[in-house]
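The chain is shown below.

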Amino acid sequence: MTPPPTDDDHPGDEGRQAELLLDRVRFDLASAGFHVAPPQPLSDEHQGGVAVYLDDDRQVTIDWLTHGRLDAAALDMVEADRLEEDVVTRYEAVLTTMNTALGEVLRAFGYRIRRPRFGSGFTIQPSRS
């Protein structure tokens, strides 16, 4: 597996730099052993893993996706207002634990991360120049 080019290979092109950062983050997380999920939209059969994508502001965003089965089962219980069910607890435990692990791995790889105000996951902050 060849590492992707760095941001320094194409200075001045912010759109291109965002794409390069996206490729580098995906490469690093795959190198660490994470399954990098395919880009959205996901099917009902998605296997889960790390979602790494550019958001609407062209920021690299990372979040953990549980398998489609756990997603669907937890959503059914939440919609039925049965928040104390085991499947909801399992979903929340997996999401919290895996996002914590992702944050630690990203920091160890030298990324500056920021948590969103709402939701889960991270955005990668551009490196300081």
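## Loop residues with positive phi

In this predicted model, Arg58 is located in the loop that joins S1 and S2. Its phi is near 65 degrees, a positive value in a residue other than glycine. Arg58 has a relative accessibility of 42% and therefore counts as partly exposed, since that class lies between the 20% limit for buried and the 50% limit for exposed.

Asp81 sits in the loop between helix H2 (68-79) and H3. Although Asp81 is not a glycine, its phi is positive, at about 60 degrees. With a relative accessible area of 61%, Asp81 is exposed.

## The sheet

The sheet is open and consists of four strands in the order S1-S2-S4-S3, with antiparallel pairing. Strand S1 (49-54) and strand S3 (112-114) are at the edges and have a single partner strand each, so one side of each has no neighbour in the sheet. From one strand to the next, the twist averages 30 degrees.

Three bridges connect S3 with strand S4 (residues 122-125) in the antiparallel sense. Ile113 stands opposite Ile124 in S4.

## Helices on the sheet

Helix H1 (residues 14-31) packs on the sheet, where H1 touches S1, strand S2 (60-65) and S4. The direction of H1 makes about 170 degrees with that of S1.

Helix H3 (residues 86-108) lies across S1, S2, S3 and S4. Relative to S2, H3 runs at about 140 degrees.

How values were computed: Residues numbered from 1 in each chain as written. Predicted model: local features only at pLDDT ≥ 70, side-chain atom pairs only at ≥ 80, totals over all residues. Heavy atoms only, no water. Pairing = 2+ DSSP bridges. Helix = DSSP H or I, 4+ residues; strand = E, 2+ residues; numbered from the N terminus. Axes fitted to C-alpha atoms, helices over the stretch in contact; angles between N-to-C directions. Contact = heavy atoms within 4.5 Å. Buried < 20%, exposed > 50% of the residue type's maximum accessible area, 1.4 Å probe, protein only.
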